[in-house]
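I want to go through the rings, the cores and the pocket in turn.

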Amino acid sequence: MDLQQALEQYFMPAAKELVQNEGDALRCLACGNRCLIREGETGICRMRANRKGELCVPGGYVAGLSPDPIEKKPFYHVLPGELAMSFGMLGCNLHCSFCQNWISSQALKDQNAVSCPHSISAEAIVDASVAHDAPVIVSTYNEPLITAEWAVEIFKRAQARGILCGYVSNGNATPEALAFIRPYVSMYKVDLKTFNEANYRELGCPLQHVLDSITLLHDMGFWVEVVTLVIPGFNDSEAELHHIAAFLASVSRDIPWHVTAFHPDYNMTERRRTSAEDLERACKAGKDAGLHYIYAGNLPGVLVNRENTSCPACGALLIQRRGYHIIDNHMQGSACSKCGARIAGLWERPA
């Protein structure tokens with residue numbers, strides 16, 4: 001049995017909110033690609049399929065399941081030091097040449113992507129979270145928009161047990177998909193990969209899709225954090241870094257911006273690694289734009305002050321980090337322990 005046949009064993013019906021009938025085809029609304037899928041075909045993600053006039057979508061399996069530090073997602077303004085039970089599936093609606101999870105995300109698109117589905121129930125994933133005392137469950141490792149129905153099945157059960165739920169996504173979303181997950185998803189991390197239209201088209205979507213998603217996520221009340229993998233010669237020019245920072249500041253100066261170091265991987269092995277100086281330039285762009293929270297990642301201990309959270313009102317050091325580890329936490333609930341200013345984020349576990 002090949003992977004395509006194996007995955008078809010895990011099909012479930014699409015949510016009615018995420019499909020439209022258009023003559024003899026189905027329009028999938030799960031992501032910004034809005035694929036028109038005819039009988040027997042799949043969307044661009046290869047995971048959502050028209051079978052006998054019904055949109056069938058993935059569910060009932062994971063390709064990866066692990067309790068991770070929540071800082072690894074990265075969420076720096078959600079329950080610092082806690083665990084996030086992370087589950088991933090297969091497939092993606094983009095095809096980034098620098099993907100660092102390509103073994104699962106590019107399944108069915110790349111014959112060298114060898115991840116396999118493992119059968120599991122939604123209850124078992126929530127039970128695993130409880131067993132590890134993880135107050136958060138996150139859909140990650142691949143693109144969660146294309147598996148929204150399965151995520152919601154898990155998140156409904158998690159929410160009933162006082163667990164926060166989140167997405168780690170490329171942001172190529174639709175208003176319909178965000179409305180569908182909003183009752184169950186509290187936090188949403190978006191990869192803003194570049195501010196160059198041609199580069200984004202090469203990855204598989206228009207830049208505007210991602211910008212619109214970030215704006216809408218914030219307006220809908222999701223807690224949003226944004227990551228840009230800084231890639232030398234791809235998105236690290238002074239102009240581009242300043243454009244990204246200025247856009248985020250125009251949405252909210254409280255959105256944490258994580259600028260992270262690239263290492264050569266997958267189909268982008270010819271570029272050099274991101275240096276500390278590269279990340280420092282990106283941090284400066286964020287500061288110039290007026291962002292309150294700018295973090296440098298993937299070089300633990302190198303840019304020490306760029307891993308910490310400080311109060312934007314008084315400058316007090318609130319959370320000291322090294323990589324995924326919390327060294328010190330001086331938060332007082334959701335406020336600065338020195339001046340009392342509110343620090344944006346989700347700081348306390350649900351009851």
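This is a predicted model: local features need pLDDT of at least 70, side-chain atom pairs count only at pLDDT 80 or more; totals for chains, interfaces and linings use all residues.

**Entry 1, charges over rings.** I looked up Arg182 and found its charged end over the ring of Phe222, at 4.6 Å from the ring centre. I also noted Arg321, which lies over the face of Tyr295 with 5.4 Å to the ring centre.

How many aromatic pairs does the structure hold? I got nine. One of them is Phe87 with Phe155, an edge-to-face pair with 6.2 Å centre to centre and 65° between the planes. Phe87 belongs to strand β9 (residues 83-88) and Phe155 to helix α4 (residues 148-160), so I have a link between distant parts of the chain, 68 residues apart. Buried or exposed, I wondered about Phe87? Phe87 is buried, because its relative accessible area of 1% falls under the 20% cut-off. Phe155 comes out at 0%, so I put it down as buried too.

Next I checked Tyr167 and Tyr188. Their ring centres are 5.5 Å apart and the planes are at 50°, so this pair is tilted. Tyr167 sits in strand β12 (residues 164-169) and Tyr188 in strand β13 (residues 187-191), so the pair ties together parts that are 21 residues apart in sequence. I have both Tyr167 and Tyr188 down as buried.

Then I followed the ring pairs along: they join Phe87, Phe155, Tyr167, Tyr188 and Phe222 into a cluster. Phe222 is the ring that has the charged end of Arg182 over it.

Which residues touch the most other members of the largest nonpolar core? Out of its 97 residues, I found Ile181, Tyr188 and Leu192. Leaving out residues up to four places away in sequence, I listed the contacts of Ile181 as Ala148, Val152, Tyr167, Tyr188 and Phe222. There is also a second, separate core of 23 residues, with Phe75, Tyr76, Ala316 and Ala344 among them.

I read off about 1100 Å³ of space for the largest pocket. I count 49 lining residues for this pocket, and nearest its centre are Lys73, Gln100, Asn101, Lys189 and Asp191. The elements giving two or more residues to the lining are β12, β13, β14 (223-230), β15 (257-261) and β16 (294-297).

Definitions and conventions:
Residues are numbered from 1 along each chain as its sequence is written. Side-chain values use heavy atoms; hydrogens and water are left out. Rings of Phe, Tyr and Trp (its six-membered ring) pair if their centres lie within 6.5 Å; planes under 30 degrees apart count as stacked, over 60 as edge-to-face and the rest as tilted. Helices (H or I, at least four residues) and strands (E, at least two) are DSSP runs, numbered from the N terminus. Buried means under 20% relative accessible area, exposed over 50%, partly exposed in between (1.4 Å probe, protein chains only). A charge sits over a ring if NZ of Lys or CZ of Arg is within 6 Å of the ring centre and within 35 degrees of the ring normal. A nonpolar core is a set of buried Ala, Val, Leu, Ile, Met, Phe, Trp, Tyr and Cys residues joined through side-chain atoms within 4.5 Å. Contact means heavy atoms within 4.5 Å. On a 1 Å grid over the protein atoms alone, a cavity is a set of points where a 1.4 Å probe fits but cannot get out, and a pocket is an open set with protein on both sides within 12 Å along at least five of seven lines; lining residues have an atom within 4 Å of a point. Grid points are joined across faces, edges and corners, and a volume is the space filled by probe spheres set on the points.
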